[in-house]
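I opened this entry to work through one chain from its overall shape down to single residues. My notes follow in the order I looked things up.

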Amino acid sequence: MLLYTENVLKFAFSKETTDYPFESSDFQKFGILGVPFDGTTSYIPGARFGPRTVREASYNFERYNLKINKNLDAEIIDMGDLEVVHGNFKKTCSKLKNTVDDILNMEIIPIIIGGDHSISYCILKAISEKIDLKNLTVIHFDAHMDMREEYLGEKYSHATVMHRIIDLEPKEIIQIGIRSADEEEFNFAKENLKIKTFSAEHVHDDQESILKYLENVEGQIFISLDIDVLDPAYAPSVGTPCSCGLDPKQMEKFIMSFKGKNVVGMDILEVSSTEIGDITALNAAKIIYDFLCLQ
Ligand SMILES: [Mn+2]
């Protein structure tokens, strides 16, 4: 090789997709896919910039993770961004579902960087064709419940996405960090035996009991993480900021608790950073980095 070049828009430590078909190895492969779609954002737009700024922030990290005394050994393939249709959820969702289908067919675990939260439905729809969702627990980190039946007359929205996922009948949805809801969706979640909600206050008062609950989760797991689960002090560049949220240390503990768990996919959503070094993108990139270091 004559030149050493690096595409700054690939997640740090990842391979080029041009290496496909990938050499077989004993390591599980993880695929990063950006989905720069913010068509259903209701307050501050900009989540379309999430994939770019989160990747950029990842370049700041070391391969060696001091916290767990381990190098990042996972095989990461950055597949670039989905070609979204701005303003059209239906078309974007169909493209995303097909792309996640392809990723799963390659036996790669998808890690999706959004994008607004509406897209989680499309990812889980693809997963539901490969895995019986009755064995899958969705772990949902968010300030908001996202359990509305409809939002402003829309069935598919970042405010309804968890209701759409409940429609797919997973084993359970565990919500963590919640501190904002409409009364109707709050009651819906309370009465639904498949939904377990831990408020942000619960995390602040007794995180250990939630970690215990997670420890007992068996079977497959999908992690859906709206970065507004963090307090706006740590994640100000989001679509709908909400005070009294989690801090990065609490988040780190939750991510570390997934060591050895059967996580079949993950999404990190609602990052609307537009500047290099933005704290929101940095904290989102750290969550992905920590998760990959566990592998
Ligand atoms: Mn949210």
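**Entry 1: one residue to start**

I started at Ile-76. I looked up its contacts, leaving out residues up to four places away in sequence: Phe-11, Phe-13, Ser-14, Lys-15, Phe-30, Ile-32 and Leu-292. Ile-76 sits in strand 5, which spans residues 75–81. I noted that the model is a predicted one.

Is Ile-76 buried or exposed? I found 23 C-beta neighbours inside 10 Å, so Ile-76 counts as buried. The cut-off for that label is 20 or more.

Ile-76 and Ile-221 are 145 residues apart along the chain, and their C-alpha atoms are separated by 19 Å.

**Entry 2: the whole chain**

I stepped back to the overall numbers. I counted 8 helices and 11 strands in the protein chain. The C-alpha atoms fill a box of roughly 60 × 40 × 40 Å along the principal axes.

Which radius of gyration does the protein chain have, and what would a compact globule have? The chain has 18 Å. A compact globule with 295 residues would be near 19 Å, so the two agree.

Buried residues make up 49% of the 295.

I found an open sheet of 9 strands with parallel pairing, in the order 1-5-2-6-11-10-7-8-9. Strand 1 (14–15) and strand 9 (195–199) stand at the edges. Each has a single partner strand, so one side of each is left without a neighbour in the sheet.

I recalled the general rule here. Strands of a sheet pair through backbone hydrogen bonds, either parallel or antiparallel.

I moved to strand 2. Why is strand 2 called largely enclosed by the rest of the structure? Because 6 of its 7 residues are buried.

Strand 2 runs parallel to strand 5, and 5 bridges join them. I read off two facing pairs. Lys-29 stands opposite Glu-75 in strand 5. Gly-31 stands opposite Ile-77 in strand 5.

Strand 2 also runs parallel to strand 6, joined by 7 bridges. There, Phe-30 stands opposite Ile-109 in strand 6. Phe-30 had already come up as one of the contacts of Ile-76.

How many residues of strand 10 are buried? I found 7 of the 7, so strand 10 is largely enclosed by the rest of the structure.

I sorted them by face. Gln-220, Phe-222, Ser-224 and Asp-226 lie on one side, with Ile-221, Ile-223 and Leu-225 on the other. Both faces are covered.

Strand 7 (residues 136–141) pairs with strand 10 in the parallel sense over 6 bridges. His-140 stands opposite Ser-224 in strand 10.

Strand 10 pairs with strand 11 in the parallel sense over 7 bridges. Phe-222 stands opposite Gly-265 in strand 11. Between these two strands the chain passes through helix 7 (residues 248–256), and this β-α-β crossover is right-handed.

**Entry 3: helices against the sheet**

I looked up which strands two of the helices lie across. Helix 2 (residues 89–105) lies across strand 2 and strand 6, at about 165° to strand 2. Helix 3 (residues 120–128) lies across strand 6, strand 10 and strand 11, at about 160° to strand 11.

Helix 1 (residues 50–58) got a closer look. I found 9 of its 9 residues buried, so it is largely enclosed by the rest of the structure. Among them are Arg-52, Arg-55 and Glu-56. The cover over its buried residues includes strand 2, strand 5, strand 6, strand 11 and helix 8.

**Entry 4: the core**

Which residues touch the most other members of the largest nonpolar core? I noted Ile-123, Ile-227, Ile-268, Ala-284 and Ile-288, out of 82 residues. Helix 8 gives the largest share of this core, 10 residues.

Leaving out residues up to four places away in sequence, Ile-288 touches Ile-111 and Ile-268.

Definitions and conventions: Residues are numbered from 1 along each chain as its sequence is written. This is a predicted model: local features need pLDDT of at least 70, side-chain atom pairs count only at pLDDT 80 or more; totals for chains, interfaces and linings use all residues. Helices (H or I, at least four residues) and strands (E, at least two) are DSSP runs, numbered from the N terminus. A residue is buried if 20 or more other C-beta atoms lie within 10 Å of its own, exposed if 12 or fewer, and partly exposed in between; C-beta atoms are placed from the backbone. Two residues are in contact if their C-beta atoms, placed from the backbone, lie within 7 Å. A nonpolar core is a set of buried Ala, Val, Leu, Ile, Met, Phe, Trp, Tyr and Cys residues joined through C-beta atoms within 7 Å. The radius of gyration is taken over C-alpha atoms; the globule rule is 2.2 Å times the number of residues to the power 0.38. Two strands pair if DSSP finds at least two bridges between them. Axes are lines fitted to C-alpha atoms, for helices over the stretch in contact, and angles run from 0 to 180 degrees between N-to-C directions. A crossover is right-handed if, with the strands pointing away from the viewer, the path from the first strand over the helix to the second runs clockwise.
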